[in-house]
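Biologist: Thanks for sitting down with me. Could we go through this model together, one question at a time?

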Amino acid sequence: MKKRSIPLDQYLYHDIEDEEAADRYVHAALPLIGRVVVEFNGLEQLLDAALCQIISDRTDREGLIVLNNLQYGTKLELFKRFSDELLRITSKEIQGYDKLCADLRECGRLRNLVVHADWENTDPEGFTYVRLKISAKGMEQEYVQFSETSLSAIVALIRSSKEHLEMFWEKRQEAFSP
């Protein structure tokens, strides 16, 4: 995804000259935006199920109590801590585990970009306001270009991460079952 930063002047302002073209762009992107949300929700539910199984293999009740109102990033950190500890104490490795954790983290980051983007401030090229960045350079308005290609790539990453999480879980169960 391409990024663009514009120094903040006196006011937060988005210079979108052709609002009709911008509206058409967003309207065309809506199915992919929705697909990102749906696929990510499925990924999060899969992560929830794995955590519930880790917490208790007899019932989901205890796991659901622990997970209630936790954000995705917190759930991911909990999953990683449980998995790291199991791998450490058993001195076993599951190939692809580190990449899985990195991809799951990236899925969360990308989903947040899409869901929290200011879609009403999208230009006809798809550059959408995502945040105000404050750094040593000063304040900058940051825009990300959500093209059909980039949104499709996000969906593909989420789907592949779901598959990798399922494969990891199967390998984990096989490796650590009595």
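This is a predicted model: local features need pLDDT of at least 70, side-chain atom pairs count only at pLDDT 80 or more; totals for chains, interfaces and linings use all residues.

Biologist: In which loop does Ser91 sit, and what is its phi?

Modeller: Ser91 is placed in the loop between α3 and α4. With a relative accessible area of 67%, Ser91 is exposed. Although Ser91 is not a glycine, its phi is positive, at about 55°.

Biologist: Now another serine: is Ser83 buried or exposed?

Modeller: Ser83 belongs to helix α3. Leaving aside neighbours within four places in sequence, Ser83 is in contact with Tyr97 and Phe168. The relative accessible area of Ser83 is 1%, and the limit for buried is under 20%, so Ser83 is buried.

Biologist: Which residues does Phe79 touch, apart from those up to four places away in sequence?

Modeller: Phe79 is among the residues with the most contacts inside the largest nonpolar core. Once residues up to four places away in sequence are set aside, the partners of Phe79 are Leu47, Ala50, Leu51, Ile54, Leu165, Phe168 and Trp169.

Biologist: Which element gives the most residues to that core?

Modeller: The largest nonpolar core has 40 residues, and Leu43, Tyr72, Phe79, Val114, Phe146 and Leu151 have the most contacts inside it. The elements that give two or more residues to this core are α1 (19-55), α3 (72-90), α4 (97-116) and α5 (148-176). The top contributor, with 12 residues, is α1.

Biologist: In what order do helices and strands follow each other along the sequence?

Modeller: The protein has 5 helices and 4 strands. Read along the sequence, they give the pattern β-α-α-α-α-β-β-β-α.

Biologist: What is the radius of gyration, and what would a compact globule of 178 residues have?

Modeller: Along its principal axes, the C-alpha trace spans about 65 × 35 × 30 Å. A compact globule of 178 residues would have a radius of gyration near 16 Å, but this protein has 20 Å.

Biologist: How far apart in space are Gly138 and Ser177, C-alpha to C-alpha?

Modeller: Gly138 is in strand β4 (residues 138-145), and at 25% relative accessibility Gly138 counts as partly exposed. In sequence, Gly138 and Ser177 are 39 residues apart, while in space their C-alpha atoms are separated by 54 Å.

Biologist: What share of the accessible surface belongs to carbon and sulfur atoms?

Modeller: Buried residues make up 39% of the 178 residues. The accessible surface of the protein comes to about 11200 Å², and the share of carbon and sulfur atoms is 49%.

Biologist: One last thing: how far apart are the mean positions of the positive and negative charges?

Modeller: The protein has 23 positive and 31 negative charges. Taking the mean position of each set, the distance between them is 7 Å.

How values were computed. Residues are numbered from 1 along each chain as its sequence is written. Side-chain values use heavy atoms; hydrogens and water are left out. The radius of gyration is taken over C-alpha atoms; the globule rule is 2.2 Å times the number of residues to the power 0.38. Buried means under 20% relative accessible area, exposed over 50%, partly exposed in between (1.4 Å probe, protein chains only). Accessible areas come from the Shrake-Rupley method with a 1.4 Å probe; for residues, only the protein chains shown count as cover. Lys and Arg count as positive and Asp and Glu as negative; His and the chain ends are not counted. The place of a charge is taken as NZ of Lys, CZ of Arg, CG of Asp or CD of Glu. A nonpolar core is a set of buried Ala, Val, Leu, Ile, Met, Phe, Trp, Tyr and Cys residues joined through side-chain atoms within 4.5 Å. Contact means heavy atoms within 4.5 Å.
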